[in-house]
Amino acid sequence: IVRPRRLGGAPFVSIYGPLNFALANGPQATGGFVRARLQEPPLLTGGAQRYPPALVQGLPPQDLAFTYPPHLRLYNDGYAIGLRWIREDPGAFARLAARKLAFFWDGAAMGFTGYNLPLGLSGVRRAVDFVVPEPGAPVLAWRLLVLAGAVAGLAAGFRRAALHPWLLFLLTKLVVTVAFFGYARQGAMAAPVVLLLVGLAAGRWLLRGPLGGAR
């Protein structure tokens with residue numbers, strides 16, 4: 001049963017954090033931004049036909065409306081709603097998290113310069129995100145190559161204290177991605193860390209120079 005309530009107060013970070021968490025984690029979640037839960041029809045006792053048409057017509061509202069109890073519930077109790085779904089279907093959440101991280105890596109493993117070399121400028125743009133290369137074998141190979149380089153760099157430089165703040169920054173981006181929406185733009189913000197790790201790998205395993213010889 002959903003009843004009218006006051007707006008929740010004292011947000012932890014953002015007033016719409018609970019709402020986004022509920023939208024990002026549920027049976028209709030896709031990994032990226034999706035409004036499906038805002039568009040679910042109201043659960044009316046006995047069905048909508050029992051109510052005057054003027055009362056139920058236009059429900060749910062097209063936009064977020066705090067006067068609409070189900071929207072208000074997502075806003076106030078979104079964390080509890082999302083966590084309930086995660087507990088009930090952890091396998092689906094694991095698959096969803098993997099998809100979010102794949103979107104994240106789309107942005108973290110972009111090409112070089114403003115021309116996005118060697119991947120090119122054309123691609124696809126998901127909702128509330130930026131353009132990433134169209135999926136395909138060459139793009140997948142590039143992303144796997146960058147991932148391998150980053151993992152090798154992590155192995156090469158993990159014990160260096162100077163690297164730890166960078167890794168902490170990367171970890172915060174990964175946590176936000178898994179908890180909320182998978183955005184390539186989140187990955188792009190972590191791209192400097194990825195490039196640093198690839199550079200460490202090159203210095204350790206390829207250059208074999210002063211950087212590669214450092215421990």
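Rings of Phe, Tyr and Trp (for Trp, the six-membered ring) are taken to pair if their centres lie within 6.5 Å. The model discussed here is predicted. Under this criterion, seven aromatic pairs are counted.

**Ring pair between helix 1 and helix 3**

- The rings of Phe-21 and Tyr-79 form a tilted pair, with 5.3 Å from centre to centre and 50° between the planes.
- Distant parts of the chain are linked by this pair, since Phe-21 belongs to helix 1 (residues 17–24) and Tyr-79 to helix 3 (residues 69–88), 58 residues apart.
- Phe-21 has a relative accessibility of 8% and therefore counts as buried, the cut-off for that class being under 20%.
- Tyr-79, with a relative accessible area of 35%, is partly exposed.
- Ring pairs join Phe-21 and Tyr-79 with Phe-180 in a cluster.

**A second ring pair**

**Arginine over aromatic faces**

- The face of Phe-103 has Arg-126 lying over it, at 3.8 Å from the ring centre.
- In a further arrangement, Arg-185 lies over the face of Tyr-183, at 4.0 Å from the ring centre.

- Helix 1 is mostly covered, as eight of its eight residues are buried.
- The buried residues of helix 1 include Phe-21, the ring partner of Tyr-79.
- Also buried in helix 1 are Gly-17, Pro-18, Leu-19, Asn-20, Ala-22, Leu-23 and Ala-24.
- These buried residues pack against helix 3, helix 4 (90–108) and helix 6 (164–179).

- Is His-71 buried or exposed? Its relative accessibility is 1%, so His-71 counts as buried.
- Which residues are in contact with His-71, leaving aside neighbours within four places in sequence? The contacts of His-71 are Leu-38, Pro-60, Pro-61, Asp-63, Leu-64 and Ala-65.

Technical notes. Residues numbered from 1 in each chain as written. Predicted model: local features only at pLDDT ≥ 70, side-chain atom pairs only at ≥ 80, totals over all residues. Heavy atoms only, no water. Phe/Tyr/Trp six-rings, centres within 6.5 Å; stacked < 30°, edge-to-face > 60°. Helix = DSSP H or I, 4+ residues; strand = E, 2+ residues; numbered from the N terminus. Buried < 20%, exposed > 50% of the residue type's maximum accessible area, 1.4 Å probe, protein only. Lys NZ or Arg CZ within 6 Å of the ring centre and 35° of its normal. Contact = heavy atoms within 4.5 Å.
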